[in-house]
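This briefing covers selected local features of one protein chain, grouped by topic. Please read it alongside the sequence and the coordinates.

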Amino acid sequence: MPSLTEADTCRKYVLPKLYAAGWTDDQISEQKTFTDGRIIVAGSKARRGPQKRADYLLRYRRDFTVAVVEAKSVYKNAGDALQQAKEYAQILGLKFAYGTNGHGIVEHDFLTGKDNDLQNLPTPDELWGRLRTAENLSPEVAERVLAPYYHLSGKSPRYYQEIAINRAVQAILQGRPRVLLTLATGTGKTVVAFQICWKLWNSRWNRTGEYRRPRILYLADRNVLVDDPKDKIFAPFGDARHKIEGEAIKSREMYFATYQAIARDERRPGLYREYPREFFDLIVVDECHRGSARDESNWREILEYFEPAYQLGMTATPLREDNRDTYRYFGNPLYTYSLRQGIDDGFLAPYRVHRIVTTADAAGWRPSKGELDRFGREIPDAEYGTKDFERLVALKARTEAIARNLTDFLKKTGRFAKSIVFCVDQEHAEEMRKALNNLNADLMKENPDYTARIVSDEGKIGRGHLDRFMELETLVPAIVTTSQMLTTGVDVQTCKNVVLARVINSMTDFKQIIGRGTRVRDDYGKLYFTILDYTGSATTLFADPEFDGDPALLVEEEMNEKGESVGAPEVISNGGEGVIAEPEPPWERLPEGGPQGEPRKYYVDNGWVEIAAHLVYELDPDGKQLRVVKFTDYTAEKVRSMYSSAAALRSKWSDAEERAAIIEALEQRGISFPELAEAAKQPDADPFDLLCHVAFNAPLRTRRERAEMLRREKQDFFDQYATGAHAVLNEMLDKYIEYGTAQFNIPDILKVPPISERGTIPEIAALFGGAEKLRAAVTQLQTLLYAA
């Protein structure tokens, strides 16, 4: 039976066994893809790696998967498929994995840890019964666990969302009072929260066991984090929704509120106290790492007041020193889906990191003796560094240098690419906006909102800018400056650039900021994003062993005193509104009576600042952290891992199909020839010679040198053809000199002048004696081209 493929085995043997065990078509998902495939960036292009696909996923109900089945061809052992099935089961959070060759069946039961040889697959009720017994689910709890999702716009939750939803619902139904889910920014925490609430609401669960729908409170610390979910994702709740503002309405079921709207402050005792302590059945705390669980927080009072309610915390950040209170309050997370996992699965965008250093940051800045600032105050003599800029000393020249460099970057990559610039404070955000405005005056004339500041002081105007910035179809604002307001909870799906113009010390805040760019939108060409780091925050935090999403690229670039890029960036490959927890400025070093009578920083308007260095970090497409090496060295290492010598590479390269496979393999490793040619400063080199040069130190030839050598040394090859065919081959070589090996593709090259001027494709083929002889001639031409 060796002729039967894996697909044949599935169709002829596995499906009948599933049907025989009582599984229906509604319960069987065949060839089910459950990841999107990691996004691999090569140069300016991005492509997706292979997706993870299960042969069969078995569902007890539409929204509750219980097992995975992997099949191998009938001539292989059933156990050969088990390892794959176990791997998928662990990813998908399933307790039963099956490997089969269509005849034998091997089961791995994660509940007992045992492998079992079976004659037949278990029935749906048998698997569900085993799972119910192991999880100690009562009939009432079991039925509510199986309650259906609300399928938003026909979209089903992703696999990790299913795991989070089902585990949280089960924990609440089984009486766990506090539940925590840790899901990376951009992975759909709000969708998960909605589905949890929907399942509990639709199944009429409540804390007291009465026949009524539960009363649920969705808490967050900003209006944007409350209004967007309420008006969009939670819209299916209809009139059951209500946002608590100023009055304690008690007639709804799905409530939304910001802490600030209901908390105690110096003017009021707290609106939350107008609700009975037992009023809510469930409280969902969005972004719970940002203060609500801290012992000293007055927001903690709200959670403690409603202690009888079940409380579900949602966070994007794993346990660290700066969010330990959150984990102490809610307990360990039921489920964690990290940034690294999201990038590996292709649900989150990978990123490049540009580390750009100004001369002021590289060497520090020191005032001249007796130097006065904008307000006539003498600046204390000291060495000021990155952490001091815009906190102690505001260097206008540094802000303008950063703005120039960013503008230069956008002119190369796309001026309307949506970009967020994170500044030290609101004042710095305005200075940056002004500098960017003036540097992009040509666009500002036609688009007055091309650049805008979005900070809390802007009020409704800032909110309007934010709403337009978040829209998929709007062009402006394209660049927004902010301080803290956009660090979290803002879903800008097409954000392509995250710019760090302030020091970030907190890993929690850093991940939130990075999350502004991690959304993927294939339909809008958003497959990766760039971090431009002017303070060293990103590269410092990437080095933290607890960071779980390695960067995709690091670039070093020099700037002149005008903030303009000088020369090409050097590419290096490296494997792989909230309260920002940064130290407050040491005000004791500042003068009294600054602008508006407040103690502020010193303002320096003169002087020049330029860019001293620009590094680019790239994430290894394998998702592993590499040592930092030059891009050419990274390429050399990958080529040597594929081929032992230049001769071994040459033997494959001369064949068009083999060459295409090599190029594909290199792109999967994040290597593109335009990028390699730029890094090696050899734009005219033949790709083959370039690879051999960087990997095996072979002599470097340009395409022209290789073509002329062929014409000179292999004249007998050309002489065997008549004048017309001879001319066609020479014209192909001319195209190769100009554009590279893609010009040997038949029949495409025959459609390009001047070759196309010699007639139709059949007429040109006739010059060689037919299509087969034409292909043979082009194949031999390529072989001879790379013979030496």
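This is a predicted model: local features need pLDDT of at least 70, side-chain atom pairs count only at pLDDT 80 or more; totals for chains, interfaces and linings use all residues.

- Strand 2 pairs with strand 3 (residues 45–48) in the antiparallel sense, over 4 bridges.

**Helix 3**

- Helix 3 spans residues 124–135, which makes 12 residues. From its first C-alpha to its last it reaches 16 Å, close to the 16 Å expected at 1.5 Å a residue.
- The buried residues in helix 3 include P124, L127, W128 and L131. They lie on the same side of helix 3, because they cover an arc of only 95 degrees around the axis.
- D125 and T133 are exposed, on the other side of helix 3.
- The cover over the buried residues of helix 3 includes strand 4 (53–61), strand 5 (64–71) and strand 6 (96–100). Helix 4 (139–145) is also part of that cover.

**Nonpolar cores**

- In soluble globular proteins, nonpolar side chains tend to be buried together.
- The largest nonpolar core in this model has 110 residues, and I196 and L282 are those with the most contacts inside it.
- Helix 5 (residues 159–173) supplies the largest share of this core, 10 residues.
- Apart from this core lies another, of 49 residues; A636, A695, L710 and A777 are among them.
- Which residues does L282 touch, not counting residues up to four places away in sequence? On that count, L282 touches I172, C197, L200, W205, R215, I216, L217, A309, Y310, Q311 and L312.

**H465 in helix 16**

- H465 is found in helix 16, which covers residues 459–470.
- Is H465 buried or exposed? Its relative accessible area is 11%, so H465 counts as buried, the cut-off being under 20%.
- Not counting residues up to four places away in sequence, H465 touches D449, A452, R453, I454 and P477.

Technical notes: Residues are numbered from 1 along each chain as its sequence is written. Side-chain values use heavy atoms; hydrogens and water are left out. Helices (H or I, at least four residues) and strands (E, at least two) are DSSP runs, numbered from the N terminus. The expected span of a helix is 1.5 Å times one less than its number of residues. Buried means under 20% relative accessible area, exposed over 50%, partly exposed in between (1.4 Å probe, protein chains only). The arc is that of the directions from the helix axis to the C-beta atoms. Contact means heavy atoms within 4.5 Å. A nonpolar core is a set of buried Ala, Val, Leu, Ile, Met, Phe, Trp, Tyr and Cys residues joined through side-chain atoms within 4.5 Å. Two strands pair if DSSP finds at least two bridges between them.
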